[in-house]
Amino acid sequence: MTIPEASTVVHARAPGKINVFLKVGALQDDGYHELATAFQAVSLYEDVWASPADDFSVEFSGSIDTSGLVTDGSNLAIKAARALARKAGYRGGVRLKISKNVPIAGGMGGGSADAAATLLACDALWGTEASKDELLTIAAKLGADVPFAVTGGTAIGTGRGDQLSPALAKGQFHWVLAVAEFGMSTPGVYAELDRHRERHAQDIFPAAHQPSVDANVLQALRAGDPAMLAESMYNDLQAPALHLAPGLGRVLELGEENGALAGIISGSGPTVAFLVSDSDSALELQVALSALRVHAVRASGPVHGARLIHA
Ligand code: C5P
């Protein structure tokens, strides 16, 4: 893909995320579940270049196979650009070029990062000067994870996961991500959790139950202590994801047998995130997993949210 030159091109970047803790509460009337999650933005990025056009288009490239991605109006980046144009009363369009590095349908918020970076890029390209709060309001309508891709860092998400409050975090955490060759449908994994809870009625959350993030997670993040975080990581979507894709259980074992402090399914999966103690251990685990034919990439966090690289 050739990246357009000229001063009319705006480049923005947004990160993928790992949910180091994710508790799912009751299913709401709007089809979403009440969540309590701790997000960490990590150093796998989506890059968006926006240039002027009469209508809206998107084209993908990147370190991963992007051939299966939709590029019509149902694409989240196009929806983001259209939503901002509508809100700002902008009558033109945009040509988006997106370079992807976050696994597709992997539970790491890659599509959400595309949308977040697109909002920033279009805002700068069109001179709409939306405030951060306005961008966050549009982001929340696009998807539950989009606001976090805008803010980045480390944050607690409640509501659908879109109501954010920053969490104190010290230092850097090092991750090795086992990337699957297949994607998983987020609604499908939530639906599997609901089916499981219906089958095992005793597991059903009382309607009034408000999930919350475990205090040990907050303390581990605050202390920058990977061993403590490893002990307290948790994901309610892990069991349904493993039920739908049982092979991921072996991937979790391989990481833990080869030096990970702990492994967790990222979001709704299928990416498996392994927490390690430092960058040397990350390299060792990546090499070990690669030798076992598990595609693994390294990342660290927290990193900043969506930002302009060049305007
Ligand atoms: O908002 P987003 O498009 O990322 O959500 C995808 C789907 O995941 C939703 O349609 C819903 O089925 C499920 N979901 C949920 N509860 C949440 C977030 C997502 O049930 N808090």
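This is a predicted model: local features need pLDDT of at least 70, side-chain atom pairs count only at pLDDT 80 or more; totals for chains, interfaces and linings use all residues.
A residue is called buried if 20 or more other C-beta atoms lie within 10 Å of its own, exposed if 12 or fewer do, and partly exposed in between, with C-beta atoms placed from the backbone. With 9 C-beta neighbours inside 10 Å, R199 therefore counts as exposed. R199 belongs to helix 5 (residues 186–199).

Residues are numbered from 1 along each chain as its sequence is written. Helices (H or I, at least four residues) and strands (E, at least two) are DSSP runs, numbered from the N terminus.

**Two helices in contact**

Two packed helices are described by the angle between their axes and the distance between the axes. Helix 1 (residues 76–88) and helix 3 (residues 132–142) have axes that come within 10 Å and cross at roughly 135°. Axes here are lines fitted to C-alpha atoms, for helices over the stretch in contact, and angles run from 0 to 180 degrees between N-to-C directions. Angles under 35 degrees count as roughly parallel, over 145 as roughly antiparallel, 65 to 115 as roughly perpendicular and the rest as oblique. Helix 1 and helix 3 are therefore oblique to each other. Their crossing is right-handed, a term used if the near helix is turned clockwise from the far one by less than a right angle, whereas anticlockwise gives left-handed.

Which residues of helix 1 and helix 3 meet? On the side of helix 1 they are L76, K79, A80, A83, L84 and K87, and on the side of helix 3 they are E134, I138, K141 and L142. Two residues are in contact if their C-beta atoms, placed from the backbone, lie within 7 Å. By class, the contact of helix 1 with helix 3 has 6 nonpolar, no polar and 4 charged residues. Ala, Val, Leu, Ile, Met, Phe, Trp, Tyr, Cys and Pro count as nonpolar, Asp, Glu, Lys and Arg as charged, and the others, Gly among them, as polar.

**Strands and their partners**

An open sheet is formed by 4 strands in the order 9-10-7-11, with antiparallel pairing. Strand 9 (262–265) and strand 11 (296–301) stand at the edges with a single partner strand each, so one side of each is left without a neighbour in the sheet. From one strand to the next, the twist averages 30°. Helix 10 (residues 279–291) packs on the sheet and touches strand 7, strand 10 (272–276) and strand 11; its direction makes about 10° with that of strand 7.

Two strands pair if DSSP finds at least two bridges between them.

| Strands | Bridges |
|---|---|
| Strand 7 (residues 173–178) and strand 11 | 6 bridges |
| Strand 9 and strand 10 | 4 bridges |
| Strand 2 (residues 33–53) and strand 5 | 4 bridges |
| Strand 5 and strand 6 (residues 163–166) | 4 bridges |

V176 has R298 in strand 11 as its bridge partner, and I264 stands opposite A273 in strand 10. The hairpin of strand 9 and strand 10 has 6 residues between the strands, and G267 there takes a positive phi near 55°.

Strand 5 (residues 154–158) is mostly covered, with 4 of its 5 residues buried. T37 stands opposite G157 in strand 5, and I156 stands opposite S165 in strand 6. Strand 5 and strand 6 form a hairpin with 4 residues between them, and G159 in the turn has a positive phi of about 65°.

**Loops and backbone angles**

N101 lies in the loop between strand 4 (93–100) and helix 2 (110–126). Is N101 buried or exposed? N101 counts as buried because it has 20 C-beta neighbours inside 10 Å. Leaving aside neighbours within four places in sequence, N101 is in contact with L44, Y45, E46, G62, S63 and I64.

Most residues other than glycine have a negative phi, and most peptide bonds are trans. A105, in the loop between strand 4 and helix 2, has a positive phi near 50°. E129, in the loop between helix 2 and helix 3, also has a positive phi, near 50°. The peptide bond from G269 to P270 is cis, with omega near 10°, and the one from G301 to P302 is cis, with omega near 5°.
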